[in-house]
Amino acid sequence: MRQFRKYEFGSKGAASTKINALGKEHNHIIAHLGEIEGSESYHIDVLWDGKADPNWDKQMIWCEPVGLHTFGAKAAQEYTAACYDANPDMIPVFEEEVEEEIEE
């Protein structure tokens with residue numbers, strides 16, 4: 001099982017420190033997104049080989065699924081489900097179209 005999560009750090013150095021703590025032998029896939037959307041924070045996405053490391057929870061962010069980057073449809077589906085479980089207020093509400101009758 002793999003988990004896809006998004007993280008935000010105060011700097012690239014802070015992100016690198018956290019990544020380096022995983023060791024050289026990890027099998028996680030890490031995408032460096034850098035500063036996005038005018039943010040001064042440094043962003044990375046991780047596709048964890050297994051469950052996400054709880055030591056990273058303080059840097060984890062949830063954005064409107066799936067954000068700017070994904071690791072494919074299966075990872076995006078897992079991320080979206082986890083995001084909505086953690087943040088039910090983010091679930092989109094689809095309003096039914098109401099047909100108006102035109103009076104003649």
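Modeller: A charge sits over a ring if NZ of Lys or CZ of Arg is within 6 Å of the ring centre and within 35 degrees of the ring normal. The model discussed here is predicted.

Biologist: Which ring does the charged end of Lys-6 sit over?

Modeller: The ring of Tyr-79, with the charged end of Lys-6 5.9 Å from the ring centre. The cut-off is within 6 Å, so the distance passes. Tyr-79 also belongs to an aromatic cluster, together with Phe-4, Trp-62 and Phe-71.

Biologist: How many aromatic pairs does the structure hold?

Modeller: It holds 7.

Biologist: Why is the pair of Tyr-7 and Trp-56 called edge-to-face?

Modeller: The ring centres are 5.0 Å apart and the planes stand at 75 degrees. Pairing needs centres within 6.5 Å, and edge-to-face needs planes over 60 degrees apart. Both conditions hold, so the pair of Tyr-7 and Trp-56 is edge-to-face.

Biologist: What makes this pair a tie between parts that are 49 residues apart in sequence?

Modeller: The places of the two residues: Tyr-7 is in strand E1 (residues 2-9), whereas Trp-56 is in the loop between strand E3 (42-49) and strand E4 (60-61).

Biologist: And why is the pair of Phe-9 and Trp-56 edge-to-face?

Modeller: Here the centres lie 5.9 Å apart, with the planes at 90 degrees.

Biologist: How do you know whether Trp-56 and Phe-9 are buried or exposed?

Modeller: Trp-56 has 2% relative accessibility and Phe-9 has 5%. Buried means under 20%, so both residues count as buried. Tyr-7 is buried as well.

Biologist: Is Arg-5 buried or exposed, and what decides it?

Modeller: Arg-5, in strand E1, has a relative accessible area of 7%. That value is under 20%, so Arg-5 is buried.

Biologist: What makes the approach of Arg-5 and Glu-78 a polar contact?

Modeller: Their side chains meet at 2.9 Å. The limit for N or O atoms is within 3.5 Å, so the distance qualifies.

Biologist: How many residues line the largest pocket, and which lie nearest its centre?

Modeller: The lining has 13 residues, with Ile-36, Glu-37, His-43, Ile-61 and Cys-63 nearest the centre. The volume of this pocket is about 180 Å³. E1 and E3 are the elements that give two or more residues to the lining, and E3 gives the most, with 3 residues.

Biologist: How is the lining of the largest pocket divided by class?

Modeller: There are 7 nonpolar, 3 polar and 3 charged residues. Ile and Cys count as nonpolar and Glu as charged, so Ile-36, Ile-61 and Cys-63 are nonpolar and Glu-37 is charged.

Biologist: In what order do the elements of the chain run?

Modeller: From the N terminus the order is β-α-β-β-β-α, which comes to 2 helices and 4 strands. Of the 104 residues, 32% count as buried.

Notes. Residues numbered from 1 in each chain as written. Predicted model: local features only at pLDDT ≥ 70, side-chain atom pairs only at ≥ 80, totals over all residues. Heavy atoms only, no water. Phe/Tyr/Trp six-rings, centres within 6.5 Å; stacked < 30°, edge-to-face > 60°. Buried < 20%, exposed > 50% of the residue type's maximum accessible area, 1.4 Å probe, protein only. 1 Å grid on protein atoms, 1.4 Å probe; cavity = no way out; pocket = protein on both sides within 12 Å on 5 of 7 lines; lining within 4 Å. Points joined across faces, edges and corners; volume = space filled by probe spheres on them. Polar contact = N/O pair within 3.5 Å; in protein donor to acceptor, adjacent residues only side chain to side chain.
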